[in-house]
Amino acid sequence: MTEAVNLRERVKEPPSPLLVESYYRGSVARAQHYVFAHEMWVHLAHGLMLERQGIIARDAMAQILPEILAIAEAGPDAVPVDYRQEDLYSYVEKFIIQKLGPDIGGRLHTGRSRNDLNATTWRMALRTELLAVLALLADLRKTILARAEEHIATIMPGYTHGQHAQPITFGYWLASAADALARDHQRLMGALVHCDLCPLGAGALSTTAFPLDRAWVADALGFAAPLELAYDAVSSRDDALEAASAMAVMMTLLSRLATDLQNWGSWEYGFVELADRHSAVSSIMPQKKNPVALEHLKAATAMVQGAHHAAMACTKNTAFADVNDAVTAVNEPVLDAALRSRRILALFQEVMQGLSLNKHRMENAAREGFGSATELADVIVRETGLSFRMAHNFVAIVVRDALAEGRTAESISSAALDEAAQVLFGKPLNIAAQKLRTALDPAQNLVGRSLLGGPAPEAMAQMITRRREALARDCQSISAIGQRITNARATCWAAASGLVAEARP
């Protein structure tokens, strides 16, 4: 009996203990964690299909399916592992054959290879992870849009190159982040769509002469469709690489957002403060409140980026065929990236919910930093008909002089503008004092930025409404895929249990 279920007939020696420790043990452990439940589902679906197609007799399948159902209920620890093989399926098949004998137990693998089996179960695992990442991303987007609406008029400086640029609002910064996260959703959905195709039935690489129903199995496993070309199905892992890439891009954005918040939380800025539950303290300096959650987020981003690079490197310079380094090894870094991404998305949402703002300090900084200088130049253009470059020259001189004298933007007068214009072009500008005050007021700057995509509060309110509607549609898409998978699993389990019950005397 033992020889009948030994898959190492081609080699005479057992695997090297070094190979076991370096490869087999970890490979089996990951499979037990990530794909055990998926593999049991695959066995049920494949078995049901074999019986439907008349490839295996009903009485034989009625003996096999109860064993799979029992293993699924008992969990991965119910299947003995001796680490003579590198994959979970070998031990499951051995266990079934030991229970039923090689004639009955050995029939389940008909028309199937470990190649298409493993390709299917790992896609199912990645599909599950991507759905979880997408759901958490949707939660974060919801929180950020809520806070954007809350701070639609919270004035602060906008920065370019680390310098004061133009007045914006904190809500505008948040809405911009939400838009970038919406594109992350699209990238992740693209990866999910490409992952959501079923390789089962591809066999080793060229299908089989058995009359399998690949479309039925794909549907029974909750996939959108079969991954049609068999060679592609067992040789390609661009679904995993695309998923890793999308997560690395998303995490890079989160790291940039965390960098802004970390800077703005310093004493020198004093714009924001993390909740105590997201902060740590110093062992020696009693005044410290360290932004440990943001620092952790940035470190985790590096690890997700590293996972993406590792997955790409596993695939580089490999044959376009079923090979362990390109097809199997990528699972470890990609699923690690998914785990870290899920944790960070949940943490960052909590950080955003708990974040507090010093609105007064933010607005004062916007007033002190000469961010309204661009609007002043624009007013000169509109009021005098001069070119923007000429107006830029006037304002630059006035700002330079104000900075040298330690004055703020609000101290700039019409007389100062006229003096600069007289020096440069030999004539005054005659800008009305009220026009000047409006131009230099950060709040009025924002009101005037009502052009498509600008930070004017009224325009922002409309944009946030549209983004909430888009988010609702994205959530519906995620839910529909999840429900399709849930329904398929329940249907498959019910069909397996029904076949077993009907076959009993």
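Trainee: With which residue does Lys94 form a salt bridge?

Mentor: In this predicted model, the closest N and O atoms of the pair are 3.4 Å apart. The two residues belong to distant parts of the chain, Lys94 in helix α4 (residues 88-100) and its partner in the loop between α3 (58-74) and α4, twelve residues apart. The partner of Lys94 is Asp82.

Trainee: Is Asp82 buried or exposed, or does it lie in between?

Mentor: Buried means under 20% relative accessible area and exposed over 50%. Asp82 has a relative accessibility of 37%, so Asp82 counts as partly exposed.

Trainee: Which helices are linked by the salt bridge between Asp474 and Arg141?

Mentor: The closest N and O atoms of Asp474 and Arg141 are 2.9 Å apart. The two residues are separated by 333 residues. Asp474 lies in residues 457-503 and Arg141 in residues 114-150, that is, in helices α20 and α6.

Trainee: What is the burial class of Arg141?

Mentor: The cut-off for a buried residue is under 20% relative accessible area. Asp474, the partner in the salt bridge, is buried at 17%. Arg141 has 4% relative accessibility and therefore counts as buried.

Trainee: How many residues apart in sequence are the parts tied together by Asp179 and Arg467?

Mentor: The side chains of Asp179 and Arg467 meet in a salt bridge of 2.5 Å, N to O. Asp179 lies in helix α7 (residues 170-195) and Arg467 in helix α20, so the parts tied together are separated in sequence by 288 residues.

Trainee: How many salt bridges does the structure hold?

Mentor: Salt bridges that share partners join Glu363, Arg367, Glu410 and Asp441 into one network. For the structure, the number of salt bridges is 28.

Technical notes. Residues numbered from 1 in each chain as written. Predicted model: local features only at pLDDT ≥ 70, side-chain atom pairs only at ≥ 80, totals over all residues. Heavy atoms only, no water. Salt bridge = Lys/Arg side-chain N within 4 Å of Asp/Glu carboxyl O. Helix = DSSP H or I, 4+ residues; strand = E, 2+ residues; numbered from the N terminus. Buried < 20%, exposed > 50% of the residue type's maximum accessible area, 1.4 Å probe, protein only.
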